[in-house]
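This report describes a structure shown below with its sequence. Please keep both in view while reading the sections that follow.

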Amino acid sequence: MTTFPFRTVLVANRGEIAVRVIRTLRALGLRSVAIHSDADRDARHVREADAAERVGPPPPRESYLSVEAVVAAAKRAGAQAVHPGYGFLSERHDFAKACEDAGLVFVGPSAAVLDGSSDKLEVKAKVAAAGVPVIAGPLGALAEGDAALRAAAQATGFPMLLKAIGGGGGRGLRVVARAEDLAAAAESARREAGGAFGDARLYAEALVRPARHVEVQILADAFGAVRVVGDRDCSVQRRHQKVVEEAPAPNLSDATRRTLHEAARNAARALGYRNAGTVEFLVDPAGRVYFLEVNRRLQVEHPVTEAVFGVDLVAWQLRVAAGEALPPEGAWTPRGHAVEVRVCAEDPANQFMPASGTIRRLVEPVGPGVRVDGGFVGGDEVPPFYDSLLMKVIASGETREAALARLDAALATTAVLGVRTNVAFLRRVLADPDFRAARLSTDFLDGRVEGLVADDGDGGDAVLAAVAAELLGLDRRGAGPAAGAVGPAAADPWPGLAGFRLLEEGVDR
Amino acid sequence: MSGPSHHGKWKADGGAARRVDVKLDAGPAGARLHGRVDDAHVEATVRRGGDGEVLLDVGGRRVRATVARAGDRWLVAIGGRVHEVARADGVDAVEGGPGSDPFAVSPMTGLVTKVHVAAGAAVAKGAPLFAVEAMKMEYVVRADRDVVVDAVKAAAGDRVAVGAVVVTFRA
């Protein structure tokens, strides 16, 4: 039993991840404080926390991304620790530093580690020096001018990938197929990276394609122990956003898995890493492994790892932050398989346009081996200011097939009404024969999306029958509205027609 | 004893209007919904499940639907997919032809990041009119035909609701 040197923890996030962290805090007997912008005053994470603090107006820059406002909220609330979740301020060394300076325990790597690992190219050079396999390309920023471009191309060959040193998310990223396109691509990537990250510097790498995205979960404590907590495959992506994630990564040879885990451990050591982190890799069809980057926080997809290892990664983040040592090597072993999908407020039929508005009804699936990490309930508003993740549905089973069957059954009973979502799209992805056979690569959805976004048919009579039954006032026992009615109600021949009349009058709007 | 009945025209998922003429009666295994959709006979056993849930047996097919009303539409989730059902004979039956709107609207609730046009500008089909950002995604709204801008109703930095008119065109 851990004795925590903190009793109150501020959760510096919103949505499903804030709700998820609050649940673990409650299970550990710790007090939780939520933060919220004005758009989230009545959000689910605020309702579920023990206390809440306002951090500013709706735009993230003025609220969830404001180091000053979040640290001030923690002090006001009497918190002694801060859990950053993912995204927002989670990997910002200035935030970790501000927490440390304010006497708050930052549940994550130290400010020094975050600072020393914020430059992606420096990280690549550091891990390469530690023997971690990296993608071919110069370990320095791309200099201006044609000569530098030619030299880089010599090292990478074509197709070449141009990447922004300052950030990710697909911005500043360019695939260059031919030498004659290089100069123009570099110029436009520089412009985009400069605008997005305030840092126009680029670096060049060979393009590894086709390849799978496989990542390794690590936990590192204050005593130098680094534990590998298995791997995940997150190859199914759309515009660099993960769509489906699973653990363990299917169809990996033992040799490849060993290489991945060893590389992740070495990368963590090379960075002096602390707390939970993820080392991302590409794995090519020959099983060769290439380092991509280190995510210095809890990942969105951490529940699949929790499902197969039976560990609570957030609890371990808190324990490590409290100075506890990790259990010995081999204490955690994987069992079975788990798959997660991200249910997002977006419209697949309309270029995945983000959707916002009021959720009229929301049914989270339940069942054996099913876990839902959700951030919303029926009646909640989905504000337009933040990312579109509504909930994650995770299913586990003895085998990949069993987990997938449970996941599909869970999605079939998931209902989000009022805001468009990708649930039907996700079911079609899961049903894809190549996905079923675990023939995975990061270009899986390229050229497939069109076939997967189209909804077929209008649902036929069942849809109209459901509406008719609802507006004709079907009662709970399943009998027709007039049946069993006694007393004054029986005198009314149309007791169930209230909804029908409303509709006739067209009162809403 | 006879239960309530309903006559109306409906359309699901923007499809063709269908004439619905149904009645709900008590039955031994649940309520019996029966009647016609267009000219075809329909018959379903229906039961109430949990909140907003309707359990149907339609021609031997068991369906679990979750139903909610959103303004003038009904939303029906079956198998994770959401169908939108609207009256085709009532308040929301009138629709303009595609591409004929004398204005351009915001496709989502968000922040106007850029306005590319000004009043009086002649804009060619496909040229950008304005850009809106929400949830870390930017969407550029383009002219769907050659137009002359009459007025611009929003400026960069303004919040706009989905469907809000941002640019109007001259006739």
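## Contact between the chains

How many residues of chain B are in contact with chain A? The number is 59 residues of chain B, which touch 53 residues of chain A; two residues are in contact if their C-beta atoms, placed from the backbone, lie within 7 Å. This is a predicted model, in which local features need pLDDT of at least 70 and side-chain atom pairs count only at pLDDT 80 or more, while totals for chains, interfaces and linings use all residues. Residues are numbered from 1 along each chain as its sequence is written, and chains are lettered from A and ligands numbered from 1 in the order in which they are written.

On the side of chain B that touches chain A, strand E6 (residues 61-70) of chain B gives the most, with seven residues. Helices (H or I, at least four residues) and strands (E, at least two) are DSSP runs, numbered from the N terminus. By class, this side of chain B holds 36 nonpolar, 13 polar and 10 charged residues. Here Ala, Val, Leu, Ile, Met, Phe, Trp, Tyr, Cys and Pro count as nonpolar, Asp, Glu, Lys and Arg as charged, and the others, Gly among them, as polar.

## Overall form of chain B

Chain B has 16 strands and zero helices. Its radius of gyration is 22 Å, whereas a compact globule of 171 residues would have a value near 16 Å; the radius is taken over C-alpha atoms, and the globule rule is 2.2 Å times the number of residues to the power 0.38. Along the principal axes, the C-alpha atoms of chain B fill a box of roughly 70 × 35 × 25 Å.

Of the 171 residues of chain B, 35% count as buried. A residue is buried if 20 or more other C-beta atoms lie within 10 Å of its own, exposed if 12 or fewer, and partly exposed in between, with C-beta atoms placed from the backbone. Among the contacts in chain B with a separation of 6 or more, 36% are between residues 24 or more positions apart.

## Nonpolar cores

In soluble globular proteins, nonpolar side chains tend to be buried together. A nonpolar core is defined as a set of buried Ala, Val, Leu, Ile, Met, Phe, Trp, Tyr and Cys residues joined through C-beta atoms within 7 Å. The largest such core has 154 residues, and those with the most contacts inside it are A:Leu10, A:Ala465, A:Ala466, A:Ala469 and B:Val76. Helix H16 (residues 461-471) of chain A gives the most to this core, with nine residues.

Not counting residues up to four places away in sequence, A:Ala465 touches B:Leu33, B:Val42, B:Ala44, B:Val46, B:Leu56 and B:Val58. A second, separate core of 20 residues includes A:Phe385, B:Ala104, B:Val112 and B:Val147.

Strands E7, E6 and E8 of chain A form an open sheet in the order E7-E6-E8, with antiparallel pairing; two strands pair if DSSP finds at least two bridges between them. The edge strands are E7 (174-176) and E8 (202-206) of chain A, each pairing on one side only. Three bridges join strand E6 (residues 160-164) of chain A to E7(A), and A:Leu161 has A:Val175 as its bridge partner in E7(A).

A cis peptide bond, with omega about 0 degrees, joins A:Phe158 and A:Pro159. A:Pro159 is placed in the loop between H7 and E6 of chain A. Another cis peptide bond, also with omega about 0 degrees, joins A:Arg209 and A:Pro210; A:Pro210 is in the loop between E8 and strand E9 (212-220) of chain A.

## A sheet and a loop residue in chain B

Four strands of chain B form an open sheet in the order E13-E12-E10-E15, and the pairing is antiparallel. Strand E13 (137-142) and strand E15 (159-160) of chain B each have a single partner strand, so one side of each is left without a neighbour in the sheet. Strand E10 (residues 110-115) and strand E12 (residues 128-134) of chain B are joined by four bridges, and B:Leu111 has B:Glu133 as its bridge partner in E12(B).

B:Asp38 is not a glycine, yet it has a positive phi of about 55 degrees. The residue B:Asp38 lies in the loop between strand E3 (31-37) and strand E4 (40-48) of chain B. B:Asp38 is exposed, because 12 other C-beta atoms lie within 10 Å.
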